[in-house]
Amino acid sequence: MLAAVRSAALVGIDAYDVIVEVDAAQGLPQWTIVGLAANAVKESRERVGAALVNSGFKVPSKRITINLAPADVRKEGTAFDLPIAIGILVATGQLGADSVAKRMFVGELGLDGALRTMRGALSIARHALRAGVVTLVLPAANVAEAARVSALELSAPATLSELARELRGGVLTRAFQSSESSPLSGDATDFADVVGQQAAKRALEVAAAGGHNVLLVGPPGAGKTMLARRMPTILPALSEEEALEVIAIHSVAGVLERSRVNEGTRPFRAPHHSISSAGLIGGGSLPRPGEVSLAHHGVLFLDEMLEFPRHVLDGLRQPMEDAKVVIARASQSVTFPARFTLIGASNPCPCGRAADPLGACSCSAVDVERYNARISGPLADRIDMHVTVGAVALRDLSGAANGDSSPRIRSRVELARATQRKRFARKPGVTCNAYAMGRWLDANTPIHAEARTLLQTAAERLSLSARGYHRVLKVARTIADLEDVTEVAPPHIAEALRYRPRSGAAPVIVGTPAGAIDE
C-alpha cells in the first residue's frame, strides 16, 4: 500500500514542500530512505521504529521504502520523523488516507513517541499558509513562534498515539497561542547610568536614528562596551514584519529563546574575537546563518575589533553593503538576510594608552601603524562614524549620572525614524538613511549652499572616496532629522565630518575625555 504525507524542509530561512511517500510491500523486512537524506534523516528509522512500538502500534514485517520528494534536493534535520511515522501508519492501514488530507506534519519523535522541538517552525508555518494547508501539526514547543502566522490552524499533540487517536476521530485539537507582541520588558541597562561621555552618547543616538555603523576608539576601561551594550535600549521596537524575519533566522539557527519570542526587542550579538569566518558570516557544508544574520535588524558588536583576524573582518564588507549573505555550494546557493548596525570597539594602540592622559603609551609609531592597519581601508570606509570614548576620569566616578535616559533618547530616535520612513516610502527595503543609495539621497536632499560648499571642500582635503562623501551626507541628513528640519545646514555637515577619518588613515580621535562608571 502506498501513502503520501505532506511535510516541509528549509533552504536558508525559506521553506518548501516535501512529500513523504511510504510504500509497504511484501519482501524481506527492511527500511530504505531515499531522496538525498542526510545522516540525521536516515537515523529516523531507529527513532520512528521505537516510537511506533512504544506507542502501541504494529510495525509489520514488510519491505518499507520511504521517498522524500523532490528527490534531487538534499534533506537534513529531524523534523521528518513525524511525517514518516504517519506515512507508515497510513501505508499499513492503521490510519485512513483521508485523515492526512490538507494537513502538514513536522516534528522530531522521541523513542517514547513524544513530539520534540524542531528548527524553522515559523518559516514552515508561513510556507504552509501560502501553500493552502489547512492544519499544521507540530510539537507544542514550537507553537509560540508558529502562531505568529495567525491565519493558520495549528495542532500540537503531545505524543504520536494522541495524534493518531485524533486523526481517527477526524478532529484535531487546535493549539492556541497569542501572537500579539508583548510590551517591551524592562531593561536593567540604561544610558542614564553613564557618567559623562556626552560626545559618545550623542554619536550613538545619531547612529541609532539613521542605522549608521560606528567604531568606538578609546583606552581600556573607558566604557566602550558599556555604551555599546546600551545601544539596543534606544533603538525602536521591531515592526511585525521585522520580528517575523528575526524569529525565522534564530529558529533556523536553533538559538531562538522561547521566552523572548513575543518581545519586540532587537537582537544584540557580541561574538568573541576568536570566531571563524564561517561563524561570523555563515557557512558550513549545510549552510547555517552566521552572527551577521543573527544580528539582522539589530546590533552586531565586535569588542576588541582589531583583535579579529583581518580576513574575518574583511568578510563583513559584502554584508554591510548588500544587507545579505549569499553562501554558494556545489549543490545549492543559500541567501541569509544581514541588515545590522555594526558597533566596533578598539584600543588606539597595542598597549591601549595612546589616548589616555593618565598613562604613558609605550608603543612606537610603527607598532601603532601596524595595529591600526588590521582594519582594511575598504572596511573602515564603510564605517560611517569613528568616535572616541575618552579615558575614565576617576574624580568623576563618584558623581551622579547625567544625561538623558534610554526611553527619552529612544523617543527622539523614533521620531527621526518616522521621518525617514516617509522619505523612503517609495523605496522598497529602505527604512533609514544608512540604507539609502548615496546618489539618490544626494539628489533628493535639500542642502544649504554653504553646507554643500563645506562638504565638497572637506571631501577634497580629507581625500574622501565617493562612498565616504555619501556617508558623510547620510550622517548629516540623520542629524538634521533628529532636529526635525528639512534642510541640511553647515552645522550638520560639520558634525558629520568630525566622525569621518582621513582616507586610508587610522581612526581619528575626536571628542573630549569624560568619565564612565563600570557595570
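**View 1. Strands E10 and E17 run parallel and are joined by four bridges.** E10 covers residues 214-217 and E17 covers residues 341-346. Val217 faces Ser346 of E17 across the pairing. The model shown in this and every other view is predicted.

**View 2. Five parallel-paired strands make up an open sheet.** Their order is E11-E14-E17-E10-E18. Read along that order, E10 sits between E17 and E18. The edges are strand E11 (268-269) and strand E18 (385-388). Each edge strand has a single partner strand, so one of its sides has no neighbour in the sheet. In general, strands of a sheet pair through backbone hydrogen bonds, either parallel or antiparallel.

**View 3. Helix H9 spans residues 240-253.** It has 14 residues. From first C-alpha to last, H9 reaches 20 Å, close to the 20 Å expected at 1.5 Å a residue. Gly254 follows the helix, and its phi is positive, near 80 degrees.

**View 4. H9 is largely enclosed by the rest of the structure, because 10 of its 14 residues are buried.** Buried here means under 20% relative accessible area. The buried set in H9 includes a run from Val246 through Ile247, Ala248, Ile249, His250 and Ser251 to Val252. Glu242, Ala243 and Leu244 are also buried. Which elements cover these residues of H9? Among them are strands E1 (2-11), E13 (288-289) and E16 (333-337). Helices H4 (121-130), H5 (143-146) and H11 (291-294) also contribute to the cover.

**View 5. Phe424 and Trp440 form a tilted aromatic pair.** The count of aromatic pairs comes to two. In the Phe424 and Trp440 pair, the ring centres lie 5.5 Å apart, with 50 degrees between the planes. Phe424 belongs to the loop between helix H16 (406-423) and helix H17 (438-444), while Trp440 is in H17, so the pair ties together parts 16 residues apart in sequence. Trp440 is partly exposed, with a relative accessible area of 25%.

**View 6. Arg423 places its charged end over the ring of Phe424.** The distance to the ring centre is 5.8 Å. Phe424 thus has a part in two contacts of its ring, because it also pairs with Trp440 across parts 16 residues apart in sequence.

**View 7. Arg498 lies over the face of Tyr499.** Here the distance from the ring centre is 6.0 Å.

Definitions and conventions. Residues numbered from 1 in each chain as written. Predicted model: local features only at pLDDT ≥ 70, side-chain atom pairs only at ≥ 80, totals over all residues. Heavy atoms only, no water. Expected span 1.5 Å × (residues − 1). Buried < 20%, exposed > 50% of the residue type's maximum accessible area, 1.4 Å probe, protein only. Contact = heavy atoms within 4.5 Å. Phe/Tyr/Trp six-rings, centres within 6.5 Å; stacked < 30°, edge-to-face > 60°. Lys NZ or Arg CZ within 6 Å of the ring centre and 35° of its normal. Pairing = 2+ DSSP bridges.
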